[in-house]
Amino acid sequence: MGVGTNSFRLPIEEDPRLKRAFKEFIVMILVGFVLYTVAYWSLLLTYGSNPRALIAGIPWWFYTLFISIAFAVVLLIVTYFMKEEPLDPWIRGGGA
Amino acid sequence: MSGVITPELRLSVALVFSVYLALITILGLYARRVLGKTAIDRFVEEFYVAGRGLGAAVVAFIIAAGLCSVGTFIGGPGLAWFLGMPWAALMGLQIFMNFYVLYGMGKKLGIVARRIGAVSLGDVLYERYDRSKLVAILYAIVVAVFLIPYCSVQFVGSARVFEVMTGWPYIVALALAGIITVFYATVGGLRGVGLVLLLQGALMTLCYALLIAGVWGRALSDFGSLAAINEALIKVAGEEWMNFFRLPVAWVFSQWIIFNLGLIALPHGLMGALAYKSVKAMKRAIYIGIPIVTFWTYGIWVAFIGKIYFPQLPVPDHINPMLAMTMLPAGLGGLVFAGIISAAQSTIATMVLVVSSALLRHIYSFVKPTATPAELKRVTMLLTLLVGALAFILALTSPPALEFIIILAIGGTMAALFWPIIFGLYWRRANKYGAIASMIVGLATYSIDKLKILPISSVLFGGSDPVIPGLVFSLIAFLIATYLTPPPSRRAIQLFWGATPPED
C-alpha cells in the first residue's frame, strides 16, 4: 500500500463526480482558454499594428470587449449546464 | 498632483474613509462572535475555510477581489496609461478567473478537501503527494517568500493613494489601512474576511462605475464619437503608443498567460474553491464573478482614455486618483478612494490567511504534531497577526517598484506551483518526486532568469517574461522525475479519484 508499490495499477471504483470534474476541467481549458485566446489574439494580430483601424466605425480595440462579452455569455451558459451534485466526501463507505 | 486637491475633496475622502473603517470593524467583530461560538476542535477549519459553508456572493468576491488587487485599480491603469495599446488591448486577460477557479478546479477541490479536511491548498498537495513533508514545506516557503512581499505591496499602494489624496503622512495612511485589515483577518478568519469582502466588492464596483461615467462621459461629450476619441489619443500620445506591436509579442503574450491561465495557480484565489457550501453556490459565484471582473477590468480603459487629459504624470500609478479628483464631483472622489483601498485590503486579508495556514499546517504542525486544539487556536491567530505585521513592516520601507514586485510574486508562485497543482488534481501517475523536481526547477529557472544571472527568456523564448521558461522547465522536470520514479500510492489515488475511502 505504500509509495511505489504496484497497487497504483490495480483498478479502483471511480467516483463519477470526479470523472465529471475532469471533463469540466477540459472544457475550461478548451473553451475558456484555448478558443478564447485564439479568437482574442486573432483580432490583435489582424488589427494591432494599425492604430487607425476602424470596424463598422468603431476603433478596433473596442472589439476586444465584444469578444470578451461573447465568451462571457458562452461560459455562463456552459456553467448553467454544470451538474449540481452533492459534495459528500464519499459515495459509499465513508461519513459525510 | 497636490495642486488640485481641494479642502472639499480631503474632507470627503476623510469622511468616507472613516465610515468605511467603522463598517469593516463592525463586520470583523461580528465574525469574531461567530468564530467564538465554534467548538475548539473545529476552530482551524472554521477560521480558514469558514466551515465550508460560504455562499455564492462571498465565494465570488474571495476569488474576484482577492485576485484583482491594487493591480486592477492602480498598477494596471498605470500600465495602460504608460504603455498604451500593448496593455490596453489586453484587458480580456483576467476576466474569467472565477470560471477557471470554480468550473475548472472547484468541484474536484471541494470534494477532495472534504475527504481530507483540507484548509489550504498545501493540505491538498500534501495528501496528494503521499504526505511528503518536503512538498508541503516547499509550498509553505513559496507562499511565504512570494505572498508576504505581495501583501506589503498592497499596503504600500493603498497608502500612497491615501497620502496623495488626503495629504496625510505615508506612515499614518499605512497604519490606518494596515492595522484594520490585520485586525479583521485575525479576529474573524475567512468568515470575517468574506463579510468585509461583500462591502469591499460593492465599493470596488462603485469606484469604476463612477470613473467610467465621469471619464467616458467627458470624452464622448468632448469628441462626439469613439472614432474621434481614437484620433485624439493618436494626436496626444502618438501612433507608436497606439501600436499594439510596439513591445515584443513574446513578452505581451507571456503577460496574457500569467494573468489568464496562471491565476489558477495562486493559492489565495483557490481558497474560494475550498470554502463554498454547495455546487449551486459555486455556480452562482461564477454567474456573479464573470460580469463583475469584466466590468472592473475593462474599467481600466478610463486610464487609457485619461492619456488625452493627462499626457504627462510624474508617476503612472497616479492616473486613476487623478481622474477621480478632476473629473468627478468632490463628494464622489472619496468613494473612488474607498474602492481602491478595498481592492488592496481584500487581497491582503486573503493572502494573510493563506500564508498563515501554510505556516500552521506545514511548519508548526510538523514541528509540534502533538499540539492540542487549544494550542492550535492560539497559534492560528498569532500566526495570522504575525504575517500581517511582517507585511506591514516590509511596507514601511516603501519599495519604489510596486508593479515589479507584483509580477515577481505572481510569476514565482506560478513557476513553482502550476504543474504540481494541475497534475496533482488530474493526472494519476503524477508523484511526489515529480512535484518536488518541478517546484525546485521552476523556482530556480525563474529566479536565475529574473535576476538576469542567465538570460534564458531572451535567448530561448524571444524575450518573454521569465515565467514562461520557468513553466516550461518545471514541466519537463515534472515529467522526467515522475517517469523515472515509482508511481504514487494507492491511498492517494483512492483519495483523489476513488468512490470509497482508502482502507487505512
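This is a predicted model: local features need pLDDT of at least 70, side-chain atom pairs count only at pLDDT 80 or more; totals for chains, interfaces and linings use all residues.

Reader: Where does Tyr208(B) lie?

Author: In helix α8 of chain B, residues 170–223.

Reader: Is Tyr208(B) buried or exposed?

Author: Buried. Its relative accessibility is 0%, and the cut-off for buried is under 20%.

Reader: And how far apart are Tyr208(B) and Tyr298(B) in space?

Author: 9.2 Å, C-alpha to C-alpha. In sequence, 90 residues separate Tyr208(B) from Tyr298(B).

Reader: Is Ala50(B) buried or exposed?

Author: Buried, with 1% relative accessible area.

Reader: What about phi of Ser69(B)?

Author: Near 55°, a positive value in another non-glycine residue. Ser69(B) is in helix α3 of chain B. Ser69(B) counts as buried because its relative accessibility is 1%, and anything under 20% qualifies.

Reader: On to helix packing. At what angle do α6 and α21 of chain B pack?

Author: About 135°, with the axes 9 Å apart. Here α6 covers residues 121–128 and α21 covers residues 490–497. So α6(B) is oblique to α21(B).

Reader: Which residues meet there, α6(B) against α21(B)?

Author: From α6(B), Val124(B), Glu127(B) and Arg128(B). From α21(B), Arg491(B), Ala492(B), Leu495(B), Phe496(B) and Trp497(B). By class, that contact has five nonpolar, three charged and no polar residues.

Reader: Now the two chains. How many residues of chain A are in contact with chain B?

Author: 63, and they contact 76 residues of chain B. The area buried between the two chains is about 6,500 Å². Carbon and sulfur atoms give 72% of that area.

Reader: How many salt bridges are there across the interface of chain A and chain B?

Author: Seven.

Reader: Which side chain meets Asp15(A) in a salt bridge?

Author: Arg115(B) does, at 2.7 Å from N to O.

Terms used
Residues are numbered from 1 along each chain as its sequence is written. Chains are lettered from A and ligands numbered from 1 in the order in which they are written. Side-chain values use heavy atoms; hydrogens and water are left out. Buried means under 20% relative accessible area, exposed over 50%, partly exposed in between (1.4 Å probe, protein chains only). Helices (H or I, at least four residues) and strands (E, at least two) are DSSP runs, numbered from the N terminus. Axes are lines fitted to C-alpha atoms, for helices over the stretch in contact, and angles run from 0 to 180 degrees between N-to-C directions. Angles under 35 degrees count as roughly parallel, over 145 as roughly antiparallel, 65 to 115 as roughly perpendicular and the rest as oblique. Contact means heavy atoms within 4.5 Å. Ala, Val, Leu, Ile, Met, Phe, Trp, Tyr, Cys and Pro count as nonpolar, Asp, Glu, Lys and Arg as charged, and the others, Gly among them, as polar. Buried area is the accessible area (1.4 Å probe) that two parts lose on being put together, summed over both. A salt bridge is a side-chain nitrogen of Lys or Arg within 4 Å of a carboxyl oxygen of Asp or Glu.
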